[in-house]
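Okay, thanks everyone, I'll keep this short. Let me put the structure up, and then we'll go through the ligand site and the aromatic side chains.

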Amino acid sequence: MRQWKWEVYLVAHSAKEHYRQIFNRRTPGEVRTLAHIKRFLECFLGDAGFRSALSENLDNPRSVAARYGIEVDPMEMLPLWHSSYLKSDRKPEGASWPLALAWREYIGEMVRNRDLLRDEGNMSVAAPRFHAWRERQMRRCEDVLGDCSKSITHPVIAFELSDGCTGGCWFCGLSAGRFKDYFEYSKENADLWRAVVGAAREMFGSAASTGFCYCATDPMDNPDYDRFLFDYHQITGTLPQTTTAMPLKDLALTKRVLQLFERYRCVTNRFSVLSTAQLNQIHATFSPEELMGVELVLQGKEMRSSKAFAGRARKEKLSAVKNGDATVESESDHSTIACVSGFLVNMPRRRVQLVTPVPASGRWPLGYRI
Ligand code: SF4
């Protein structure tokens, strides 16, 4: 019991505290500056119109930024975006551009936080056999997944609160099935939910706080999502991460989730952005400051982001290869979006699977082994 408490103590001073410190150790003005640098980079990477306006106004990029409501001077962060200065990024001479320096420092802290999240899954005391299994999976992933294994935090549990997904994204690395139903927050379901999360907390100790509540589902398909999230926080002391490709589908729900984030601030959230038009809508709906705790993952075809070779993206690519329109890169090159080394629980189907990431293949096309 004593050891268990010590484990909790260690975690309380790790990922969550570290994440809060990233913001608390900065002045409100510094956080605001980061929020506007972030918005600038989102526009730069996700909006071809913004890029061409910049290239036409290289002597006065501030005017372009101002048109997009961005209140930082792009001249103070040239290594982050200007092709002639990219070579100075992350180099000592980069210190001449204070905003580039501030951004790189922030990103370094976020990468450190990701590593702490992986450590948070430590169950050496609470569940030694499960812990040893997860450790083995982490080492195997390092071996077979190449660089992309560094970004995998191996949460020990994930919950699906719907059956299927309304997203239908062409690139879905998990080939989410068609939406059938969601897990309503009825009295009976809420009791079951709290009992299951409670059991996870009891069995896995503080590692249960690595869990999250979506997988081949989108949180916004469940109108009660925030109520489940709130319970999760009450039971584990951690508000799980939310990732959604539909942040505008039920704006009131998204805002409730962001309010929970503001209150508990445990881990950054993510919006997947499927097109430049959606990026602009998101920017019109939320201020840079409101999105400081939300990473925008730019997934649109026009956004030149690479897709994991798994699920539907794999199927599409294989058919392009068959037609001679594409080639397949190395198997270890970003070949899964799976991250859980532990239990995947679908609440409406009452299904529990033990899963771990693998490179997507004919046998495991979704990039995880069951
Ligand atoms: S990527 Fe996400 S939102 Fe899109 S279909 Fe898959 S699970 Fe649904």
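So, this is a predicted model, keep that in mind throughout. Let's start with the ligand. Around it you'll find C165, G168, C169, C172, A176, T217, D218, A245 and R312. How does that shell divide by residue type? Five are nonpolar, two polar and two charged.

Now the aromatics. How many aromatic pairs does the structure hold? There are 22. Take F44 and W81: the ring centres are 6.3 Å apart and the planes sit at 65 degrees, so we call this one edge-to-face, since over 60 counts as that. What I like here is that the pair links distant parts of the chain. F44 is in helix α3, residues 28-46, while W81 is in the loop between α5 (61-67) and α6 (98-119), and the two are 37 residues apart. Buried or exposed, these two? Both F44 and W81 are buried.

Next pair: W193 and F228, also edge-to-face, with 5.4 Å centre to centre and 85 degrees between the planes. W193 belongs to helix α8 (residues 187-204) and F228 to helix α9 (residues 225-236), so this contact ties together parts 35 residues apart in sequence. W193 and F228 are buried.

R265 lies over the face of F23, 4.7 Å from the ring centre. Then there's K301, whose charged end sits over the ring of W170, at 4.5 Å from its centre.

Methods
Residues are numbered from 1 along each chain as its sequence is written. This is a predicted model: local features need pLDDT of at least 70, side-chain atom pairs count only at pLDDT 80 or more; totals for chains, interfaces and linings use all residues. Side-chain values use heavy atoms; hydrogens and water are left out. A residue is near a molecule or strand if one of its heavy atoms lies within 4 Å of it. Ala, Val, Leu, Ile, Met, Phe, Trp, Tyr, Cys and Pro count as nonpolar, Asp, Glu, Lys and Arg as charged, and the others, Gly among them, as polar. Rings of Phe, Tyr and Trp (its six-membered ring) pair if their centres lie within 6.5 Å; planes under 30 degrees apart count as stacked, over 60 as edge-to-face and the rest as tilted. Helices (H or I, at least four residues) and strands (E, at least two) are DSSP runs, numbered from the N terminus. Buried means under 20% relative accessible area, exposed over 50%, partly exposed in between (1.4 Å probe, protein chains only). A charge sits over a ring if NZ of Lys or CZ of Arg is within 6 Å of the ring centre and within 35 degrees of the ring normal.
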